Amino acid sequence: MLSGCAGTTGAGAASDRELILVAGASGRVGRYVIGHLQQDDRAFRSLTRDEARAVERWGADFAGMNWVEGDVRDAQRMREVMRDVTHVICVVGSRDIKGPNSAEFVDYRGVANLVDAAVDERVEHFVLLTAIGTTDPKHPFNKATKGALEWRFKGEEHLRQSGLSYTIVRPAGLQDRPAGEQAVIIAQGDNWKPFLRSTLSRDDLSLALIESLQNPGARNATFEIANDPKQPANNWRALLTNLSPD
Ligand SMILES: NC(=O)c1ccc[n+]([C@@H]2O[C@H](COP(=O)([O-])OP(=O)(O)OC[C@H]3O[C@@H](n4cnc5c(N)ncnc54)[C@H](OP(=O)(O)O)[C@@H]3O)[C@@H](O)[C@H]2O)c1
């Protein structure tokens, strides 16, 4: 029996029977994602390895966030968690440089477990958060993390080759500040050097991940995203309509 499947389908829903699985819902990006989904009255399921820890981390308001416990490294559990899901937003990420929960096992093999479960469930669209620079092993973050970006890229490739409808979102360095304070810029091609010192609001990012669930321009596309502190807030959703598919 899965707990936390409840939720009504709000006005912005991508389909009538919409149920969005947010993998990594307890993280610093995930909490913005589920906060917006709840505000918008969307139906969602929040994945964490430890519900009590997640609620302790973000406060009592997060107790009613339709939690379901599971570890992305457990393929069978991901099939259970995926039951009746129509859309996925995956914002899981390893913080460990080595060991059993390092990038290979979370950002690649764990993401692959989620993707494979989504294929079996005939999920309508899968949105994956990765990072700017995944395509270049010489990126300084890849060196600093002993290859985490390369594992991220393998996760991306697994999704691209799955046959699922997808969007891959690669953010600049993440910061906690409210959405809508600065312009959002969108790029493609993973030309990472101009973005080396760029940042992005986790709140802006969460809105872009949610928008990617249903913006036709984001279908089967990969894009980089950052804030431009020199420009005021803009209509960045319109930029997604001009993306080139992979
Ligand atoms: N920080 C940056 O500047 C930056 C820049 C670009 C991209 N990114 C990417 O964005 C990702 C998300 O960022 P964040 O700040 O939200 O990270 P975070 O706060 O560390 O959240 C990571 C999430 O991953 C989940 N997780 C880790 N291992 C798991 C496992 N084995 N099974 C299930 N869930 C697991 C955690 O859930 P539980 O512990 O509750 O299970 C948590 O919800 C990062 O991992 C990174 O790849 C970050």
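Predicted model: local features only at pLDDT ≥ 70, side-chain atom pairs only at ≥ 80, totals over all residues.
Close-up 1. E2 covers residues 44–48, and five of the five are buried, so the strand is largely enclosed by the rest of the structure. Look next at strand E1 (residues 20–23), which pairs with E2 in the parallel sense over four bridges. Here you can find Ile 20 standing opposite Phe 44 of E2.

**Close-up 2. The open sheet of eight strands.** In what order do the eight strands of the open sheet stand? Follow them across as E3-E2-E1-E4-E5-E6-E10-E8, and note that the pairing is mixed. Strand E3 (67–69) and strand E8 (183–187) stand at the edges with a single partner strand each, so one side of each is left without a neighbour in the sheet. On average, neighbouring strands of this sheet are turned by 25° against each other, direction ignored.

Close-up 3. E6 (residues 166–171) pairs with strand E10 (residues 221–228) in the parallel sense over five bridges. Are the residues of E6 buried or exposed? Six of its six residues are buried, and the strand is mostly covered. Tyr 166, Ile 168 and Arg 170 lie on one side, with Thr 167, Val 169 and Pro 171 on the other, and both faces are covered.

**Close-up 4. Helix H7 lying across the strands.** Helix H7 lies across strand E4 (87–90), strand E5 (125–129), E6, E8 and E10. Against E6, H7 runs at about 165°. Nine of the 11 residues of H7 (residues 202–212) are buried, so the helix is largely enclosed by the rest of the structure. Among these buried residues you can pick out Arg 202, Asp 203 and Asp 204, as well as Leu 205, Leu 209 and Ile 210.

**Close-up 5. Helices H4 and H6 packed together.** Two packed helices are described by the angle between their axes and the distance between the axes. For H4 (residues 103–120) and H6 (residues 148–160), the angle is about 10° and the axes are 8 Å apart. Angles under 35 degrees count as roughly parallel, and H4 and H6 are therefore roughly parallel to each other. Which residues of H4 and H6 make the contact? H4 brings Ala 103, Glu 104, Asp 107, Tyr 108, Val 111, Ala 112 and Val 115. H6 brings Ala 148, Trp 151, Arg 152, Lys 154, Gly 155, His 158 and Leu 159. By class, this contact has eight nonpolar, two polar and four charged residues.

**Close-up 6. The shell around the ligand.** How many residues surround the ligand? There are 26, and the closest are Ser 26, Gly 27, Val 29, Arg 49 and Gly 93. H4 and strand E7 (173–175) each supply at least two residues of this shell. The shell divides into 10 nonpolar, 10 polar and six charged residues.

Close-up 7. You can find Ser 165 in the loop between H6 and E6. With 14 C-beta neighbours inside 10 Å, Ser 165 counts as partly exposed, because a residue needs 20 or more to be buried and 12 or fewer to be exposed. Leaving aside residues up to four places away in sequence, Ser 165 touches Glu 124, His 125, Arg 219 and Asn 220. Met 65 is 100 residues from Ser 165 along the chain, and their C-alpha atoms are separated by 26 Å.

**Close-up 8. Arg 57 in helix H2.** Arg 57 is found in H2 (residues 51–58). Arg 57 has 14 other C-beta atoms within 10 Å and is partly exposed. Arg 28 and Arg 57 are 29 residues apart along the chain, with 9.9 Å separating their C-alpha atoms.

Key:
Residues numbered from 1 in each chain as written. Axes fitted to C-alpha atoms, helices over the stretch in contact; angles between N-to-C directions. Parallel < 35°, antiparallel > 145°, perpendicular 65-115°, else oblique. Contact = placed C-beta atoms within 7 Å. Nonpolar A, V, L, I, M, F, W, Y, C, P; charged D, E, K, R; others polar. Near = placed C-beta within 6 Å. Pairing = 2+ DSSP bridges.
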